[in-house]
Amino acid sequence: SGQPGLRPMASSPGGRAASASPEPQAGRAGSPSVFGFSLPKPGSRAAAEATRARALRVLHSVFEDAISLHRDGHPDRALACFEQALAGYRKYLKPGDPMIVKALNNLAATHDRLGNAEEAAALYEDASREVALGAPKWGINPFAKRQHELMLRHLALRRAAVHTSAPRVGEGVPVDGLLAVGQALAEGGAELARAGDSRAALLTLENARQAL
């Protein structure tokens, strides 16, 4: 008997067997099929999820490139990448998603590094609001609660550092206050590292280094 999915072999006039050709396999009704696997129907929920997953992979790559550019001393180029990543995350993720918070935080840090104090402070406030939107249920996940508290503290300290480090009319930069913020950021970075969030810890410690 022939193999499943193949036409039975027939004899040719010369006595040799004609080669078998694969029988086309049907997918689900209305869906195209490739090697027996059904593809998502255009416009279906599965197709939308596949598009979203591809978009997020690209956005994560853009986000990582922005971090590298910022770290390598190219804040102007990092700024454009962070803005692109943030716009995409807001399109494909729910409000309060950690990636939106991280994008806002990094965008604010980049503006701060470029000397755009007002933009940086406003973005830190936006990030704090996003953290509140994504607050988990504390009783179910105490680790998430701790992460939430640390992130809010980090954002508040960074926003304070923006104002503290900005010169004021008739006054100089309040060095003591800036040192206190840097020390608090260093402590927050150490806590994040102990909690296992190495990326947030690295960014927090880098901000502490700049403040100190």
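In the predicted model, helix α1 passes helix α3 in a left-handed crossing. Two packed helices are described by the angle between their axes and the distance between the axes. For α1 (residues 45-71) and α3 (residues 98-113), the axes come within 11 Å and cross at roughly 30 degrees. Because angles under 35 degrees count as roughly parallel, α1 is roughly parallel to α3.

The contact between these helices involves His60, Phe63, Ile67 and His70 on the α1 side. On the α3 side, the residues met are Met99, Lys102, Ala103, Asn106, Ala109, Thr110 and Arg113. By class, the residues of the contact of α1 with α3 comprise five nonpolar, four polar and two charged.

The largest nonpolar core of the model contains 32 residues. Within this core, the residues that touch the most other members are Phe63, Phe82, Tyr89, Tyr124 and Leu155. At least two core residues are supplied by each of α1, α2 (75-92), α3, α4 (117-133) and α5 (142-165). The greatest contribution to the core is that of α3, which gives eight residues. Phe63, listed among the core residues that touch the most other members, also takes part in the contact of α1 with α3.

When residues up to four places away in sequence are not counted, Tyr89 touches Leu56, Leu59, His60, Phe63, Met99, Ile100 and Ala103. Among these, His60 and Phe63 in α1 and Met99 and Ala103 in α3 also belong to the contact of α1 with α3. Tyr89 and Ala55 lie 34 residues apart in sequence, with a C-alpha to C-alpha separation of 9.2 Å in space.

A further position considered was Ala160, which is placed in helix α5. The relative accessible area of Ala160 is 31%. Since buried means under 20% and exposed over 50%, Ala160 is classed as partly exposed. Ala160 and Tyr124 are separated by 36 residues in sequence and by 9.6 Å in space, taken from C-alpha to C-alpha. Tyr124 is itself one of the residues that touch the most other members of the largest nonpolar core.

Notes
Residues are numbered from 1 along each chain as its sequence is written. This is a predicted model: local features need pLDDT of at least 70, side-chain atom pairs count only at pLDDT 80 or more; totals for chains, interfaces and linings use all residues. Side-chain values use heavy atoms; hydrogens and water are left out. Axes are lines fitted to C-alpha atoms, for helices over the stretch in contact, and angles run from 0 to 180 degrees between N-to-C directions. Helices (H or I, at least four residues) and strands (E, at least two) are DSSP runs, numbered from the N terminus. Angles under 35 degrees count as roughly parallel, over 145 as roughly antiparallel, 65 to 115 as roughly perpendicular and the rest as oblique. A crossing is left-handed if the near helix is turned anticlockwise from the far one by less than a right angle, and right-handed if clockwise. Contact means heavy atoms within 4.5 Å. Ala, Val, Leu, Ile, Met, Phe, Trp, Tyr, Cys and Pro count as nonpolar, Asp, Glu, Lys and Arg as charged, and the others, Gly among them, as polar. A nonpolar core is a set of buried Ala, Val, Leu, Ile, Met, Phe, Trp, Tyr and Cys residues joined through side-chain atoms within 4.5 Å. Buried means under 20% relative accessible area, exposed over 50%, partly exposed in between (1.4 Å probe, protein chains only).
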